[in-house]
Amino acid sequence: MPITRRGMLSMSAAGVLTLAYARVGRAPEAVAATIPGGTLDARSIQQFVTRLVVPPVMARNRVETTAEGQPVDFYELHIRQFNQQMLPAGNPKTPVWGYVSATDPNPLVHTPAATIETPRDRPVRVLWRNKLVDEKRRYLPHMFAVDPTLHWANPEQPPDAAGRPMTDRMPSFAGQRYVPRDRYTSAEGTYTAYTGPVPISVHLHGAMGLGDESDGYPESWVLPDASDIPDGYARHGRWWQHLSAKATALTGHTVPIDGQLAQYPNKNRPTALWIHDHALGLTRLNVMAGYTGFYMIRPAKDSDQPLDSATGRPAVLPGTGADPTRAGELPHELPLAIQDRSFNQDGTLFYPDSRRHFDASDTFLPASGIAPIWVPEFWGNAIVVNGRTWPYADLRARRYRLIALNACNSRSLSLDFRKVPRVQVHLIGNDGGLLPQVADLFASKNPNWGQLPLGPGERADLILDLTDTPPGRYVLGNTAGEILFPGTEGWLIDQQPKPHETTTGRVMELRVGPALGSDPTTPARRLRMPAIPDLPAADSTVRIALDMTHQREPAEGVPTQVSTTYLSQIVGDPRKGPVKVVPKMWSDPVWFNPQVGETVDVEVYNWSVVPHPVHLHEVSYQVVSRSAISYDDETGDLAIGQSRPLEPIQTGRKETIMVFPGEMAQLRATFNHPGQFVIHCHLLEHEDNEMMVPFRVGPAEDGAPGSVAHEVSDMTMMDGTEQVYDLTIDRADSVRQMMNQPITLAIGGAAAAAAGGGAVLARHRRQQRVQKDTPTAPSSAQEGLREPPVQGSNR
Ligand SMILES: [Cu+2]
């Protein structure tokens, strides 16, 4: 009987410290026991018995014409709930959400869905519709517990007297006490999880050059058109009306009540994009429930393609026209959506329905700043690839293109190819398209030899060369623990907490058979990559801090807990003097506001204890630099130390990058398209609890709803700034008060668990490194770090 995380945490403090210690890899079974899960023991799931599913191409409905006379492919896709054999045959099926073609007479009903394919610069229109209803058109409640205390879609809030939508805000729970759903009897004095119809908002992750009407803005969600939507419920987020009107003006289509209409211009360099949900405060749950898929932007011209340096002619990549698939064989290009999931014995997915699954909290909002259901991170204990647990792939001794997507909520991955004999693996692309230079994972200078770290939301385009690999069965492993931490030299996997050896340490099995004839594809070392034009020099700089608010439980002896994760605005130039940090929340008026055509350096500073994958919508960016930092929140001294070389996957263009603790990443982007978009952390739990802010390109548009705070109240000034805040939102206010106080709380073992396990170790290392690497750090750097030195730790 595995010990649950909850069980572990009800043990003594010494037991909890053992847990944090075990995560460094001394006791694999103990590590497995720390991963929260459902009632199905992940170790009992048979591995490598299910064939890898490769999603087919999505059938388009028709071709339309844009206002400019350009052909545009049209799709109508419905988000539905269905059962899928995620676990091996013989186990119960798993209820999941997926999107399904509404016009294909024989559609694929699967998640990941069929893949949308398009050449670069050819636009695509998709009418997305929320069909999360049963056969009688009654709404389906969420399969997971919806925390009502976050700043979230909140369709229960009826419009105010002036008819203004009151959705998309953090409700007040003053005078109420949280009660779990199964014990909830009365709205009198108590509150519980939301169980109404599910809001969704569909985002094409990585799409650039698009209008905000097409981006799946978190506040433009839709409910299903169910027959039993309770009276007074809003059908849409605050922004839906405005953005739908723009979509209608752009496409000529009326947007149905349960729909979002997007027109994707596909301006990207060719790459793999990811369709997933983005509804406010629900993204972690809606992505966990399943609807997901690939969207491939393909080369349209020769300059999009690599050349074969031996011939000077266009290279042949696996799976392209010159390299067709034989009947009965797997395609030579394999997209891999890798996700961690936990299951119950009845086949349902498990996701925590209580903060108690994460740590020892039992005093919740409004009595504390801690949400009752939200957890700061989630790690599943089983690995799912393209909708199947631990599949296998029948391959040949030849070259393949692997397009790996880390589609986990919080889990970092490090793909490990070292168990495949005589394999060669080259990284040729990332989320921003082909790299300027191919990187050999087995180069002797690669500190993560044979491995590829990949943060949530990132993609890796790899050439897997099995030409010399003898026939056999080999495990594609994962060497990253739940979350990555900086080693002494940056991203060193062998210094990280380890995954469980036989569960999360495995991704899939590669079954290699003999070659069938010759391989027409170009060896990766001969690829000469297309040039990437330089971005212009930056016109301005925006500075953002990644941070987490910790709070002490009122109970005696219980250490701090993560209350909120957030992005802050850094005012001032740290190279010239002390800075001021202004905490920002989703409800704040837009403060990141480039002009149309402006090139901006976005400097992202991470002084929290965990790395955050930072994702910018609408643009792809160039990572200009990474540097070690230290921050003293008493003096405001923000020291920028030694710069670090970019990882190969950080070269070229990016739209999601892992920013490590004690590090600043300088991201340069040109903002060419007006509208309102978001920047956020791609740990989905963080994104859902304030680690996301809107940015607007160009001036505010007529009819755009603005921010909640601006709309509701303009009576309060704080910090001497021109900001306005809504004091009726008590939680925002209490979080803000906390953010304005220096954090002086003790951090012990359970806090390490709360911050992601292994945090004790990470914090310790970071302090060492910041000291070592930061010659300009103030002498008080140690005390000035936002978290105090570890107390009572056995490290
Ligand atoms: Cu984060």
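**Close-up views of a predicted model**

**View 1. Salt bridge between Arg60 and Asp73.** Arg60 pairs with Asp73 in a salt bridge whose closest N and O atoms are 3.1 Å apart. The structure shown is a predicted model. Arg60 sits in the loop between α3 (28-34) and β1 (62-65), and Asp73 sits in strand β2 (residues 71-84), so the bridge ties together parts that are 13 residues apart in sequence. Arg60 has a relative accessibility of 45% and counts as partly exposed. Asp73, in contrast, is buried at 2% relative accessibility. The model holds 43 salt bridges by the rule applied here.

View 2. The closest N and O atoms of the salt bridge between Arg298 and Glu333 are 2.8 Å apart. Because Arg298 belongs to strand β11 (residues 293-298) and Glu333 to strand β13 (residues 333-343), the pair ties together parts that are 35 residues apart in sequence. Arg298 is partly exposed, with 22% relative accessible area; the cut-off for buried is under 20%. Glu333 falls below that cut-off at 11% relative accessibility, so Glu333 counts as buried. Through salt bridges that share partners, Glu117, Arg298, Glu333, Arg401 and Asp461 are joined into one network.

**View 3. Salt bridge between Arg575 and Asp573.** The side chains of Arg575 and Asp573 form a salt bridge with an N to O distance of 3.8 Å. This value lies inside the limit for a salt bridge, which is within 4 Å. Arg575 has a relative accessible area of 48% and is therefore partly exposed.

View 4. For four tetrahedral donors the ideal angle is 109.5 degrees.

View 5. His612 is in strand β31 (residues 612-616), while Met691 is in the loop between α6 (684-688) and β37 (692-697), so the two tie together parts that are 79 residues apart in sequence. Both His612 and Met691 are buried.

**View 6. Surroundings of Ser563.** Ser563 is located in strand β28 (residues 560-571). With 0% relative accessibility, Ser563 counts as buried. A polar atom of the Ser563 side chain lies 2.8 Å from the backbone oxygen of Gly369. The C-alpha atoms of Ser563 and Ile370 are 5.0 Å apart, although the two residues are 193 residues apart in sequence.

**View 7. The whole chain, for orientation.** The protein chain contains 11 helices and 37 strands. Of its 795 residues, 64% count as buried. Among contacts between residues at least 6 apart in sequence, 77% join residues at least 24 apart. The accessible surface of the protein chain is about 27300 Å², and carbon and sulfur atoms account for 50% of this area.

How values were computed: Residues numbered from 1 in each chain as written. Predicted model: local features only at pLDDT ≥ 70, side-chain atom pairs only at ≥ 80, totals over all residues. Heavy atoms only, no water. Helix = DSSP H or I, 4+ residues; strand = E, 2+ residues; numbered from the N terminus. Buried < 20%, exposed > 50% of the residue type's maximum accessible area, 1.4 Å probe, protein only. Contact = heavy atoms within 4.5 Å. Areas by Shrake-Rupley, 256 points an atom, 1.4 Å probe, with all protein chains shown as cover. Polar contact = N/O pair within 3.5 Å; in protein donor to acceptor, adjacent residues only side chain to side chain.
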